[in-house]
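Here is a short report for a first look. Keep the model in view while reading.

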Amino acid sequence: MKKISRFVALSLMMAICFCMIGCGEKDKFFGKWTYNYDTEKVIIDFKTGGKVDYKGTAYTYVDKDGVLEFSSKDETFERKYKFDGDVMYVYEPMTYHYQGEGDADGLIGYWLADNGRSNYEFTTEGTFREDSYIPGRYFVNEEEGTILCIYNDQYYDTIIYYVLDGNTLTVEYPWAMLKKQ
C-alpha cells in the first residue's frame, strides 16, 4: 500500500511540475484577443498545440521573440508584436501609394492606402496628417526603418515600421489588443 501511495504522490507532483513548466509560456498568448476599440469581435484566438485562428483563418504559429510567424498550407507571414502589461500590440501592415506627380521624394507627399480611405501626408517641415484629419509631428529613423508619430491631440505617440519602395509605402502600425474575458 505504501508503494502505491508513494507512486501516486510522486506522479501527482510530477504532473504539477510539468504543468507549471509547460503552462507558463502558453499563458502569454493563449486565449481570444480583440482590438481594444471593439471588444466583441475576436481577431486572434490562440489555442493549444501551436494552433491559432487569425482573422477567421486557421494557422499554426511560432513565436520568434517579438515576431509571430503564421503558417497554413497556402501561406506563411509574420507579425511583429509587443506586450505592455495586459495589452498586446500587433503590428499589421498596410500598403500606401504615392499620389503626387512623378516619383515620391522619400516620405514627403500624400499617400493613399489600398483600401481607398486611409492615408498619410508627410511635409518637409516634419508635420503629418493621418487619415486627412489627425495632425502631428514625425521623426524618421532610417536605420531602424521606423517613424515616430507624435500626435497633437488624443492619441499616444506611436512608433510605426515602414518600408519605402519607389512610390509604394508599407506601414506596420501597432494595434492594441485585449484578451477577451
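## An aromatic pair across the chain

Is Tyr-37 buried or exposed? Tyr-37 counts as exposed, at 55% relative accessibility. Here buried means under 20% relative accessible area, exposed over 50%, and partly exposed in between, with a 1.4 Å probe and protein chains only.

This is a predicted model, where local features need pLDDT of at least 70, side-chain atom pairs count only at pLDDT 80 or more, and totals for chains, interfaces and linings use all residues. Residues are numbered from 1 along each chain as its sequence is written, and side-chain values use heavy atoms, without hydrogens and water.

## Ring pairs

Rings of Phe, Tyr and Trp (its six-membered ring) pair if their centres lie within 6.5 Å; planes under 30 degrees apart are stacked, over 60 edge-to-face, and the rest tilted. The count by this rule is 24 aromatic pairs. One of them joins Tyr-37 and Trp-175 edge-to-face, at 6.1 Å centre to centre and 65 degrees between the planes. Tyr-37 lies in the loop between strand 1 (31-35) and strand 2 (38-46), and Trp-175 in strand 14 (residues 168-179), so the pair ties together parts 138 residues apart in sequence. Strands are DSSP runs (E, at least two residues), numbered from the N terminus. Trp-175 is partly exposed, with a relative accessible area of 31%.

Tyr-59 and Phe-77 are edge-to-face too, because their ring centres are 5.2 Å apart and their planes at 90 degrees. Tyr-59 lies in strand 4 (residues 57-63) and Phe-77 in strand 6 (residues 76-84). Tyr-59 is buried at 8% relative accessibility, and Phe-77 is buried at 14%. Ring pairs also link Tyr-96, Tyr-120, Phe-122, Phe-128, Tyr-138, Tyr-151 and Tyr-155 into a cluster.

Two strands pair if DSSP finds at least two bridges between them. Strand 11 (residues 134-141) and strand 12 (residues 146-151) run antiparallel, joined by 6 bridges. They form a hairpin with 4 residues between them, and Gly-145 in the turn has a positive phi of about 70 degrees. Tyr-151 in strand 12 stands opposite Gly-136.

Strand 12 also runs antiparallel to strand 13 (residues 158-165), with 4 bridges. This hairpin has 6 residues between its strands. Ile-147 has Ile-160 in strand 13 as its bridge partner.

## Charges over rings

A charge sits over a ring if NZ of Lys or CZ of Arg is within 6 Å of the ring centre and within 35 degrees of the ring normal. Lys-80 lies over the face of Tyr-161, 4.6 Å from the ring centre. The charged end of Lys-82 sits over the ring of Tyr-89, at 5.6 Å from its centre.
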